[in-house]
Amino acid sequence: MRYGGGTAEASAMRRQLPPWAMGLAGAPLGFYFGFISTATPILLRAHGVPVEKVGLVSSVGFSPTFWAFLLCPILDVRFSKRTYAFFFAGVAGVCLGVSTLLTYHLVAFTAVLTLGCTATVMFGNAHQGWMPDVVEDRHYSAVGAMSNVANLGAAGLFAWLAVGTIRSMAAPAVGVLLALTVPAPTVLLFFIPPPRTPLRTAREVFGTFFRDLYVVCKRRSSVLGLICFLSPTACFALTNSFSDLGTDFRASEEWVTRINGPLVAVVCSLGCVVGIWFCQRFLRRTVYVMAGFGGAGAALAMIWMPHTLVFFAVGVLAYNFFQGINYTAFSAFEYEIVGPGNLLAATQISLLTAAANAPISYMTLFETHLYTKHGLPGMLGVDAVSSMVVGTVLLLVFRKIALGRTAVEALPVGG
């Protein structure tokens with residue numbers, strides 16, 4: 001086995017970013033996901049595409065977030081995770097730029113969008129896969145928060161930029177501008193120490209992939225994380241649909257873009273920072289679920305509030321504030337599960353992230369279908385109820401596990 005590092009590692013240590021700033025290098029994730037979740041629905045709805053079909057495009061476009069982990073073992077082969085991060089961020093940028101030229105060709109648009117999302121997922125796992133190896137446990141919440149400030153905040157800002165430039169600039173120029181913007185934050189990767197985990201050959205990695213997957217899934221912490229992340233609680237799937245709902249609240253496209261773009265970026269980032277405070281005082285898994293309850297409350301309120309622009313803004317921003325808290329808890333909980341010096345870090349990170357993204361896709365499909373059948377109350381209601389009911393069950397399970405662990409620790413030695 002060969003290890004990355006050497007003189008490059010020593011040099012990186014001398015110019016290392018503070019832990020909170022390491023997460024900002026993950027901004028390409030936010031750029032691409034913001035384009036899918038916010039800009040894509042606005043652009044497709046402007047072309048007369050119905051909400052349910054927009055939901056299908058978004059779900060297919062996001063689908064690599066829960067199946068691309070099968071490709072992630074390659075991140076442990078030959079090259080460093082830093083090199084892979086640069087490469088896949090570049091591929092994602094090219095795909096996003098090309099997709100802006102294809103909005104009138106739905107099948108081609110969806111295919112290119114999905115390919116770019118696959119590259120984005122690979123970038124994200126390359127970046128996140130080495131964080132537990134260079135960040136101490138006490139900094140997990142800070143790095144998790146800043147990762148999500150970069151992710152969610154960049155998503156809102158990039159969606160606003162994408163819609164604005166597409167509406168005001170020539171198509172080729174927009175494609176080039178957005179393609180260059182996506183990988184730009186990766187320059188920060190030069191200031192993060194390279195991972196200490198060994199680089200393995202393709203035969204070693206893919207020959208042992210399913211064995212590694214089995215080993216990862218057997219770990220108690222992984223099982224708990226998978227159960228938590230695969231459930232529909234706290235998945236915040238409505239963020240993929242809010243851009244479709246402007247007409248239900250008599251909001252113009254301009255205001256829908258402002259609310260779901262820069263305003264969401266600010267509020268989500270604030271939620272991420274607030275999440276640090278909660279994660280330092282409560283169990284990270286508990287914060288993850290409880291933030292979902294806050295989002296559920298915002299969704300329910302939007303059913304009964306007057307359907308006007310002001311209340312649309314209040315509901316969307318409240319929902320995204322709790323999403324910010326939730327995402328900080330998710331990242332910190334994920335780092336806690338993986339831990340430092342983990343030879344299977346990339347596989348475990350990618351599996352846990354895939355699990356957390358799966359309910360976003362299946363709930364988006366389900367909720368947009370209910371919108372077609374039962375209107376706004378059906379969509380918002382099922383998002384809120386599923387989060388509260390399943391979340392309550394999870395909290396009871398967490399409590400039972402904690403009580404069982406306390407009872408075991410209380411046993412006398414040899415008893």
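The questions and answers below look at the cavities of a predicted model and at one of its helices.

In this predicted model, local features need pLDDT of at least 70 and side-chain atom pairs count only at pLDDT 80 or more, while totals for chains, interfaces and linings use all residues. Residues are numbered from 1 along each chain as its sequence is written, and side-chain values use heavy atoms, with hydrogens and water left out.

Colleague: How many cavities of 30 Å³ or more are there?
Modeller: On a 1 Å grid over the protein atoms alone, a cavity is a set of points where a 1.4 Å probe fits but cannot get out. Grid points are joined across faces, edges and corners, and a volume is the space filled by probe spheres set on the points. By this rule, the count of cavities of 30 Å³ or more is two.

Colleague: Which element gives the most to the lining of the largest cavity?
Modeller: The largest cavity has a volume of about 740 Å³, and 41 residues line it, where a lining residue has an atom within 4 Å of a point. Among the residues closest to its centre are Phe33 and Tyr327. Helices here are DSSP runs (H or I, at least four residues), numbered from the N terminus, and the one that gives the most to this lining, with seven residues, is α16.

Terms used: 1 Å grid on protein atoms, 1.4 Å probe; cavity = no way out; pocket = protein on both sides within 12 Å on 5 of 7 lines; lining within 4 Å. Helix = DSSP H or I, 4+ residues; strand = E, 2+ residues; numbered from the N terminus.
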